[in-house]
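Visitor: I have not looked at this one before. Can we go through a few spots together?
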Amino acid sequence: MRRGRQVFALAERKRQGGAFAEALDLYREAQRVFAREGDERGLMECALARGHCLRLLGRFRQAQRAYQRAARLAREFGEDQSVADALVGEGMAARALGDSSEALRLFQEAERLYQRWGDALGRAYLLWARGGTFRLRGDLRAAYRSFHKAWRWYERVGDRVGAAYALCGLGGVSRVMGRYTTSFEFYTEANNRFRRLRDTFGRAYSFCGIANAHRMRGEYERALEFFDRATALYRAIGDVVSYAYTLWGEATAYKMLGLSERARADFREADRLFRKTRDMRGRIYVWLGEGELRLLHGALQRAERDFRMALEAARRFGFRLEELHARLLLRLLRRESGRSVSFDPLLRQYRALGTTFLRNPSLPLNLP
């Protein structure tokens, strides 16, 4: 085996084990060797794999450039399947940067290529990616359908890893829809599968999902145990993106327990990481959490400023669910100020998006 292929194979093993930063260094080395060896196909494969690692490390702009390079090289070879894989990856990076419309456009372009080749595995991955995008846009029913189709496709083609990630998608959207026990069951099944597969990232991801399911059922101490498990694994593999959301979930559990200082520390660290990865949706959740802590401690003006920043950003990026959360907290603030407010219009809008999580609006607020 030529040197480039040896290094690339080692990088693939590192990536599959969740060691994304180490894998990225090895892909860079493989890329240099492939260039010396004149292996253009290897350069294409490296660009695609580097895109995956960069995206999972939260370096979304760099990931986009890597995917675009992979697509250009794949087009030179006439490899539509690799072009489609690169388009889906680029769409995932665009989604992470808050551009869900561009993500859906890229997914649609990729879908045509997968259909042309009859690529069942590619279509399953596309359905999974699209499900996450629908969830971010607040279309929860469409998200559930897409994740469920992805899970069925993965099961059909025998992709055990893909099926486990589809179960995580179902767990996440079920939680947001208010189906907490169902969410717990999906994540627990996914975690069992990831353990058998020895997938570190998947175990961390599902531990965080299990923690949030416990949190939404009011089992806060149990939630904190699972957040700790997720944190240990995310730190081991250097995943900044998912760890930031773990911190947000942990902060919310502390808030519900009345441990404001611990909650505030976690919110601040989560915000630092969300800034680093340019994750505006994450920052919206931090503004909502920090604003609520201020509201609970009587700092009404500062709380309102946080809620309005969250509302403006949610509207700008088309995050309909997060927009409702910001409007809900503004109404709770008005009620705390002694004014009369009605929550019925908001409750109807939540139900229209497909969620029943909110039944009796009160502070502290346990956002899903």
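Visitor: Is R198 buried or exposed?
Guide: This is a predicted model. In it, R198 has a relative accessibility of 73%, and exposed means over 50%, so R198 counts as exposed.

Visitor: Where does R198 sit?
Guide: R198 is in the loop between helix 10 (180-197) and helix 11 (200-216).

Visitor: What is phi of R198?
Guide: Phi of R198 is near 60°, which is positive, and R198 is not a glycine. Most residues other than glycine have a negative phi.

Visitor: And where is R278?
Guide: R278 lies in the loop between helix 14 (260-277) and helix 15 (280-296). Phi of R278 is near 60°, again a positive value in a residue other than glycine.

Visitor: Is R278 buried or exposed?
Guide: R278 is exposed, at 53% relative accessible area.

Visitor: Changing topic. What joins L363 and P364?
Guide: A cis peptide bond, with omega about -5°. Most peptide bonds are trans.

Visitor: Where is P364 in the chain?
Guide: P364 is in the segment after helix 18 (344-353).

Visitor: Which residues line the second largest pocket?
Guide: P364 is one of them. The lining also includes Y180, M216 and M256, along with F357, L358, R359, N360, P361, S362, L365 and N366.

Visitor: How many of the lining residues are nonpolar, polar and charged?
Guide: Eight are nonpolar, three are polar and one is charged.

Visitor: What space lies in that second largest pocket?
Guide: About 220 Å³.

Conventions:
Residues are numbered from 1 along each chain as its sequence is written. This is a predicted model: local features need pLDDT of at least 70, side-chain atom pairs count only at pLDDT 80 or more; totals for chains, interfaces and linings use all residues. Side-chain values use heavy atoms; hydrogens and water are left out. On a 1 Å grid over the protein atoms alone, a cavity is a set of points where a 1.4 Å probe fits but cannot get out, and a pocket is an open set with protein on both sides within 12 Å along at least five of seven lines; lining residues have an atom within 4 Å of a point. Grid points are joined across faces, edges and corners, and a volume is the space filled by probe spheres set on the points. Ala, Val, Leu, Ile, Met, Phe, Trp, Tyr, Cys and Pro count as nonpolar, Asp, Glu, Lys and Arg as charged, and the others, Gly among them, as polar. Helices (H or I, at least four residues) and strands (E, at least two) are DSSP runs, numbered from the N terminus. Buried means under 20% relative accessible area, exposed over 50%, partly exposed in between (1.4 Å probe, protein chains only).
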